[in-house]
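Reader: Could you walk me through this structure slowly, please?

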Amino acid sequence: MRFQAAVLRSYDAPFAVEEVVLSDGPAAGEILVEITGCGMCRTDLAVRRSAGRTPLPVILGHEGAGVVVASGDGPDGTTGVGDHVVLSFDSCGQCRNCRGAAPAYCDSFASLNLLGGREEHTRRLTDAMGGALAPRWFGQSSFAAYALVPARNAVRVDPALPLELLGPLGCGVLTGAGAVLNTFRAGPGDTLVVLGAGAVGLSAVMAAAAAGARTVAVDGNPGRLALAERFGAIPLTTTAGLDERLRRQTDGGAQYALDTTASAPLINDALRALRPTGVLGLVARLHTALPLEPGTLDRGRSIRHICEGDAVPGLLIPRLIDLWQAGRFPFDALIRTYPLADINEAERDCDAGRVVKPVLLPERGDR
Ligand SMILES: [Zn+2]
Ligand SMILES: [Zn+2]
């Protein structure tokens with residue numbers, strides 16, 4: 001079958017929206033999903049800075065949501081034709097961490113999600129001239145009208161929900177909300193500092209508000225700070241004396257801090273503002289050394305990395321949908337939709353901070 005997809009052919013070129021060819025239907029354990037909408041995540045755009053680690057040309061996109069149109073497992077599969085699904089990250093299902101309900105720490109996470117995916121997928125998807133495309137990104141490659149996906153990556157959702165808005169629950173929203181709800185297990189009486197009010201940071205703010213924690217959000221962009229305040233956080237700018245202002249707003253020190261910025265100065269401000277036993281979570285990849293000042297890690301304080309919000313997507317995504325339906329997790333307010341053909345405009349708006357979470361909608365004239 002032939003369908004529309006956004007192909008990245010060079011790390012510094014715009015996306016090319018073009019026709020691609022899928023030569024085979026789903027094998028056992030796979031489903032073919034007609035993509036209704038796909039969120040754009042920072043990790044998609046970071047491929048441009050990945051120094052050649054992600055093979056090109058590639059179809060990016062890993063916050064897809066859509067309708068199952070074919071299944072390699074027949075009627076016995078966990079998802080069947082006609083099911084509405086949200087797609088999340090890929091994992092092997094067999095390693096020690098997968099078996100321990102920690103699929104975000106799958107031994108094969110990097111190879112399955114970032115570096116090219118499962119070998120059996122190679123050569124099934126090509127461009128219109130027959131040129132090879134890199135195997136699927138995050139098990140999905142959802143900046144496209146269709147995606148061939150491992151069935152274990154798909155989470156079934158109620159068909160009455162607005163499917164085109166749900167894709168970001170598979171990565172960015174899950175990452176921020178999961179850090180608060182799964183990793184920190186924040187609740188009433190807890191204090192949380194969120195560094196960066198992008199899609200991940202604002203999802204953390206919303207989850208903390210839903211959980212009853214007191215939250216302070218830090219960002220240099222006044223528009224994003226205003227959003228953080230609307231979702232229940234105390235807004236603070238990134239100007240001098242931040243650690244002191246953080247301590248003042250958290251009754252002398254925060255129990256939790258979540259960094260989404262990878263900024264060493266901001267991270268150190270947050271560390272200085274942690275109370276004894278406080279935990280700093282890092283979700284953004286650090287590109288520089290993180291010098292730790294003496295005293296920041298004493299008295300039971302700790303730092304840990306958090307991948308994909310420590311989530312089992314099949315548990316956390318339905319929980320976030322329940323909170324959203326109860327009016328306590330308004331993640332849809334972060335979204336602006338674009339036709340897939342306008343993916344380069346969406347990237348520019350995202351980079352410039354004009355939109356928090358672009359969602360790309362494939363055109364439906366291709367069937
Ligand atoms: Zn695994
Ligand atoms: Zn992502």
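Author: What follows covers a metal site and then a pocket. This is a predicted model, where local features need pLDDT of at least 70, side-chain atom pairs count only at pLDDT 80 or more, and totals for chains, interfaces and linings use all residues. Residues are numbered from 1 along each chain as its sequence is written, chains are lettered from A and ligands numbered from 1 in the order in which they are written, and side-chain values use heavy atoms, with hydrogens and water left out.

Reader: Okay, so which residues coordinate the zinc ion (ligand 2)?

Author: The zinc ion (ligand 2) is held at 2.0 to 2.2 Å by Cys41 (SG), His62 (NE2) and Cys171 (SG). Donors here are N, O and S atoms within 2.8 Å of the metal (3.2 Å for Na, K and Ca), and sites may look incomplete because water is not among the atoms.

Reader: And what spacing do the donors follow along the chain?

Author: The donors of the zinc ion (ligand 2) follow C-x20-H-x108-C.

Reader: Is cysteine 41 buried or exposed?

Author: Cysteine 41 counts as buried because its relative accessibility is 6%, and histidine 62 is likewise buried, at 1%. Buried means under 20% relative accessible area, exposed over 50%, and partly exposed in between (1.4 Å probe, protein chains only).

Reader: Switching topic, what classes of residue make up the lining of the second largest pocket?

Author: That lining has nine nonpolar, six polar and two charged residues. Ala, Val, Leu, Ile, Met, Phe, Trp, Tyr, Cys and Pro count as nonpolar, Asp, Glu, Lys and Arg as charged, and the others, Gly among them, as polar.

Reader: Which residues lie nearest its centre?

Author: Of the 17 residues lining the second largest pocket, Arg152, Asn153, Ala154, Pro313 and Gly314 lie nearest its centre. On a 1 Å grid over the protein atoms alone, a pocket is an open set of points where a 1.4 Å probe fits, with protein on both sides within 12 Å along at least five of seven lines, and lining residues have an atom within 4 Å of a point.
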